[in-house]
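Thanks for making time for this one.

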Amino acid sequence: MNDIPALIKDIAKAAIEQEKPVAVVTGRIIDNVNFKIETEQKMILNKDFIIFPQRYANKSWKENDSVILLRCDGGQKYLLLDLI
């Protein structure tokens, strides 16, 4: 019974977060072969989570390049915008 207020708080937090359709995120490339990005929140994203615009289809990325991303779908996908 004591966990009900905490549960309600967690549900409310999740609902508020879901209402944010897009957020700007920065990160850096930590693996240019398998293309992995570490975000400012220390989350590791692989290429399955990243949407690449066509202009970056043949770009050669370097490790430690800083990038800017848009977080979409509550964090399920990230749109790669550009290098910083």
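Before I point at anything, one definition: a charge is said to sit over a ring if NZ of Lys or CZ of Arg is within 6 Å of the ring centre and within 35 degrees of the ring normal. Please also keep in mind that what you see is a predicted model.

With that in hand, look at Trp61, where the charged end of Lys59 sits over the ring, 5.2 Å from its centre. Trp61 itself is buried, with a relative accessible area of 10%, and the ring also takes part in an aromatic pair with Tyr56, which is tilted, the centres being 5.3 Å apart and the planes 55 degrees apart. Tyr56 counts as buried too, at 8% relative accessibility.

How many aromatic pairs does the structure hold? There are three of them, and another one of these is formed by Phe35 and Phe52, an edge-to-face pair with 5.0 Å from centre to centre and 70 degrees between the planes. Phe35 lies in the loop between strand 1, residues 22-31, and strand 2, residues 36-39, while Phe52 lies in the loop between strand 4, residues 50-51, and strand 5, residues 66-72, so the pair ties together parts that are 17 residues apart in sequence. As for accessibility, Phe35 is buried at 6%, whereas Phe52 is partly exposed, with a relative accessible area of 32%. Taken together, ring pairs link Phe35, Phe52, Tyr56 and Trp61 into a cluster.

Let me turn to the strands. Strand 4 runs parallel to strand 6, residues 77-83, and two bridges join them; Ile51, for instance, has Leu79 in strand 6 as its bridge partner. Strand 5, by contrast, pairs with strand 6 in the antiparallel sense, over six bridges, and here Cys72 has Lys77 as its bridge partner. Strands 5 and 6 form a hairpin with four residues between them, and in that turn Asp73 has a positive phi of about 50 degrees.

If we leave aside its neighbours within four places in sequence, Glu38 is in contact with Gly27, Arg28, Ile30, Met43 and Ile44.

Key
Residues numbered from 1 in each chain as written. Predicted model: local features only at pLDDT ≥ 70, side-chain atom pairs only at ≥ 80, totals over all residues. Heavy atoms only, no water. Phe/Tyr/Trp six-rings, centres within 6.5 Å; stacked < 30°, edge-to-face > 60°. Buried < 20%, exposed > 50% of the residue type's maximum accessible area, 1.4 Å probe, protein only. Pairing = 2+ DSSP bridges. Contact = heavy atoms within 4.5 Å.
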